[in-house]
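Student: I would like to go through the labels used for this model and ask what stands behind each one.

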Amino acid sequence: MKTLLDLYLVFLKIGVCSFGGLSMIPVINEEMVAHGWMTLEEVADIIAFAEMTPGPLGINAATFAGMRSAGVWGALSANLGVMTLALTVCMAASACLARLKGNPYLERFTYGIRPVCIGVMLATCLTMVSNYQTPAGALSPGALVIGAVSLVLLVKGEWSIPKVIGAAALLGLVLGGRG
């Protein structure tokens with residue numbers, strides 16, 4: 001039980017004292033070695049694996065380190081620790097927004113930031129154009145088909161994102177990717 005509490009407190013510290021991403025690595029290194037949960041080599045392996053898997057580094061590292069240190073309960077404890085600050089801030093913001101519902105200033109603000117949100121989404125789309133090109137720079141018909149099918153499945157088919165990712169992966173295998 002002490003290990004679970006220690007994992008929670010260590011990853012709470014990591015979640016509060018670092019700003020996500022690579023800034024967490026030195027703190028994770030120090031804490032894992034200081035508590036004797038892992039060697040530097042094991043921490044390096046976990047960081048490398050956490051970087052390769054989808055999702056935030058903090059969550060991935062907490063999962064792997066907690067699992068390695070204390071099994072499933074360790075992984076849960078470490079994840080709760082690293083997420084505590086973010087969850088607390090989100091719940092506080094949600095409570096404030098709920099109390100401000102119907103406030104004309106908040107409604108004007110949210111209406112005013114819509115163009116900014118659309119701009120951010122368009123900029124993201126533009127940066128992803130390279131995903132639809134062959135290495136030579138031409139448009140890839142296979143990638144365009146995968147993108148179009150994915151969009152239809154999400155919007156019209158109302159498929160969940162994991163299902164669409166799976167379907168896109170299968171289409172990529174069948175169509176041969178970006179080549």
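Tutor: Start with helix H3 (residues 40–52) and H4, whose axes come within 9 Å and cross at roughly 135 degrees. The model is predicted: local features need pLDDT of at least 70, side-chain atom pairs count only at pLDDT 80 or more, and totals for chains, interfaces and linings use all residues. Residues are numbered from 1 along each chain as its sequence is written, and side-chain values use heavy atoms, with hydrogens and water left out.

Student: Why is H3 called oblique to H4?

Tutor: Angles under 35 degrees count as roughly parallel, over 145 as roughly antiparallel, 65 to 115 as roughly perpendicular and the rest as oblique. The axes cross at roughly 135 degrees, which makes H3 oblique to H4. The contact (heavy atoms within 4.5 Å) involves residues including Ile46 and Phe49 of H3 and Phe64 and Arg68 of H4.

Student: What makes Glu158 exposed?

Tutor: Exposed means over 50% relative accessible area, buried under 20%, and partly exposed in between (1.4 Å probe, protein chains only). Glu158 has a relative accessible area of 67%, so the residue is exposed. Glu158 lies in the loop between helix H7 (141–155) and helix H8 (161–175), and has a positive phi of about 55 degrees although it is not a glycine.

Student: How do you know that the buried residues of H1 are on the same side?

Tutor: The buried residues of H1 are Asp6, Leu7, Val10, Phe11, Ile14 and Gly15. They cover an arc of only 165 degrees around the axis, so they sit on the same side of H1. The arc is taken from the directions from the helix axis to the C-beta atoms. These buried residues pack against helix H2 (25–34) and helix H4 (57–99).

Conventions:
Helix = DSSP H or I, 4+ residues; strand = E, 2+ residues; numbered from the N terminus. Axes fitted to C-alpha atoms, helices over the stretch in contact; angles between N-to-C directions.
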